[in-house]
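User: Could we go through this model together? I would like to start with the strands and then move on to other parts.

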Amino acid sequence: MFIGIDDTDSERGLCTTYLCAVLMERLRPLGDIVGRPKLIRLNPCARFKTRGNAAIAIELKSDHPTEVRDVALETVQELSDFSGMNTNPGLVIASQRTLQMTAFYQRAVTEILEIKDAKKLLDEERIWYRGFKKGRGLIGALAAIGAVLPDFTYELIAYRERARWGTLRRIDEESVWRADALTYPRTWDTVDHHNNRIVFAPHSGDPVLFGIRGSDPEAILEVFQTIKSEPVERSVLYQTNQGTDAHILQGLLSDVLDCQSYRLHGFVAEPAKAIAGGHLFFPLQENEARINCAAFEPTKNFRTIIKQLILGDELEVYGSVQEGTLNLEKINILHLADIVETSAPLCPECQRRMESAGKGQGYRCRRCKTHAEGRVHLLRSRDLETGYYEVPPIARRHLSKPLVRMDSEKVHPAR
Ligand code: ATP
């Protein structure tokens, strides 16, 4: 059985992954959970997301399908915030994962879908489901079941004791820095060194204490054991499409659509301009087509790279297009344009700078009596290297593939 759940939480509290963690415990007497539960991030541009557009899926071998349904239904009813304006839970239980469901996942991570798209496929495939209120969560629930991950990472989420929800999280900061030092680059986005911040714990009223991301379950466990904190009520290691660029489409600058995420090739058409608040924008051009690229203030030190780009730099940019602007997640500088400066030539005899011999009469050195026709062109070196640059951990999008995972390329990982 494949169980998919989404849209159970609100800004005020709860979390679909917490519901998953509790449900897993309740399902254990009814069967065997196959592999790891899946934490699936969907299109980051989706309008009604609470935070990171996450959905979850569990695969279960069970001889008690009716009881499994009952337990899943009860748990969704008990642990959803039905009062949330935009909380519209969806629960899907399928007996198999079909190619159509996998195609639906592909669309849900890259496009904007409607509730009727999910219902149509659910009905066509005769899949059992329950949608609550508007039932928008059926989109994510179905997509999470359909997700097949050619590339994946892990996240261990630790949850708080219920009595502490809404209170300040107690986490020993020194132990977090130590855990990062012990395991980076097998884990990432626990801390942000440049911005001197711990970034793996939310600040909201939800049940999550922290999340440890990485490629290696052993390293993640080492972080978990190193960190000292308030008591952990429960924890789950998820397999996830986070950190894989699953949302990124290879696109042409002339064809981009709003609410989709792309890798685009082009040339810097003007240096970046800052607006109030410290947000930076520059146009990227390919033939006649242009798009505005943005590095917003929260991307912090990434902006120092963007400020150094000049007319003619050849780039690939990665990010989501919203209202015609591409929000940068990372860039690959393919070629740096030359900065050419001109100056008076040097005297071939004494090597001193020559002076003008008068309008249209070239240059001369009075001392050596030498003469030269015109100014010389000099290449000024760029204080920037080619390769990949990314936003720092503090500004990372869940789905963005961090540069620590791109070891074969010329990368400048933000740490
Ligand atoms: P959290 O990260 O705290 O779990 P969230 O950010 O995942 O919250 P949800 O409460 O899950 O937010 O709300 C997202 C809603 O958007 C869900 O109803 C989900 O089904 C729907 N959704 C997901 N992907 C798409 C998509 N591609 N197009 C339209 N709707 C989508």
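This is a predicted model: local features need pLDDT of at least 70, side-chain atom pairs count only at pLDDT 80 or more; totals for chains, interfaces and linings use all residues.

User: Which residue in E19 is the bridge partner of cysteine 293?

Analyst: Cysteine 293 has leucine 326 as its bridge partner in E19.

User: And E19 itself, is it mostly covered or mostly open?

Analyst: Strand E19 covers residues 325-335 and is mostly covered, with nine of its eleven residues buried.

User: How does E18 pair with E19?

Analyst: Strand E18 (residues 314-322) pairs with E19 in the antiparallel sense, over nine bridges. One of the residue pairs is glutamate 316 with asparagine 332, the latter being in E19.

User: What is there between those two strands in the hairpin?

Analyst: The hairpin of E18 and E19 has two residues between the strands, and glutamate 323 takes a positive phi there, near 50°.

User: Asparagine 332 came up just now. What is its bridge partner in E25?

Analyst: In E25 the partner is tyrosine 388. Strand E25 (residues 387-390) and E19 are paired in the antiparallel sense, with four bridges.

User: Another sheet, then. In what order do E21, E22 and E23 come?

Analyst: The order is E21-E22-E23, in an open sheet of three strands with antiparallel pairing. Strand E21 (355-356) and strand E23 (370-372) are the edge strands, each pairing on one side only.

User: How many bridges are there between E21 and E22?

Analyst: Two bridges link E21 to strand E22 (residues 363-365), in the antiparallel sense. Serine 356 is opposite tyrosine 363, which belongs to E22.

User: Where does leucine 14 lie?

Analyst: Leucine 14 is located in the loop between strand E1 (2-6) and helix H1 (16-27). Its phi is positive, near 65°, and the residue is not a glycine.

User: Why does leucine 14 count as buried?

Analyst: Leucine 14 counts as buried because its relative accessibility is 16%, and the cut-off for buried is under 20%.

User: Turning to helices: how far does H3 reach from its first C-alpha to its last?

Analyst: Helix H3 (residues 99-110) reaches 17 Å with its twelve residues, close to the 16 Å expected at 1.5 Å a residue.

User: Which residues of H3 are buried?

Analyst: The buried residues of H3 are Met101, Thr102, Phe104, Tyr105, Ala108, Val109 and Thr110.

User: And what do they pack against?

Analyst: On the strand side, the buried residues of H3 pack against elements including E3 (38-41), E5 (90-94), E13 (248-250) and E14 (260-268). Helices H4 (115-124) and H5 (137-146) are also among their packing partners.

User: Which helix is threonine 226 found in, and what is it in contact with?

Analyst: Threonine 226 is in helix H7 (residues 217-226). Leaving aside neighbours within four places in sequence, the contacts of threonine 226 are Ser175, Arg178, Ala179 and Leu182. Threonine 226 is buried, with a relative accessible area of 13%.

User: What joins tyrosine 184 and proline 185?

Analyst: They are joined by a cis peptide bond, with omega about 10°. Proline 185 has its place in the loop between helix H6 (173-183) and strand E8 (187-188).

User: How many cavities of 30 Å³ or more does the structure hold?

Analyst: The structure holds two of them. The largest cavity has a volume of about 60 Å³. Among the residues that line the largest cavity are Tyr184, Trp188, Glu390 and Arg415.

User: What classes of residue make up that lining?

Analyst: The lining of the largest cavity has seven nonpolar and five charged residues, and no polar residues.

User: Last topic: how much space lies in the second largest pocket?

Analyst: The second largest pocket holds about 330 Å³ of space. It is lined by 15 residues, and the closest to its centre are Arg169, Ile171, Ala201, Pro202 and His203. By class, the lining of the second largest pocket has six polar, five nonpolar and four charged residues.

How values were computed: Residues are numbered from 1 along each chain as its sequence is written. Side-chain values use heavy atoms; hydrogens and water are left out. On a 1 Å grid over the protein atoms alone, a cavity is a set of points where a 1.4 Å probe fits but cannot get out, and a pocket is an open set with protein on both sides within 12 Å along at least five of seven lines; lining residues have an atom within 4 Å of a point. Grid points are joined across faces, edges and corners, and a volume is the space filled by probe spheres set on the points. Ala, Val, Leu, Ile, Met, Phe, Trp, Tyr, Cys and Pro count as nonpolar, Asp, Glu, Lys and Arg as charged, and the others, Gly among them, as polar. Buried means under 20% relative accessible area, exposed over 50%, partly exposed in between (1.4 Å probe, protein chains only). Two strands pair if DSSP finds at least two bridges between them. The expected span of a helix is 1.5 Å times one less than its number of residues. Contact means heavy atoms within 4.5 Å.
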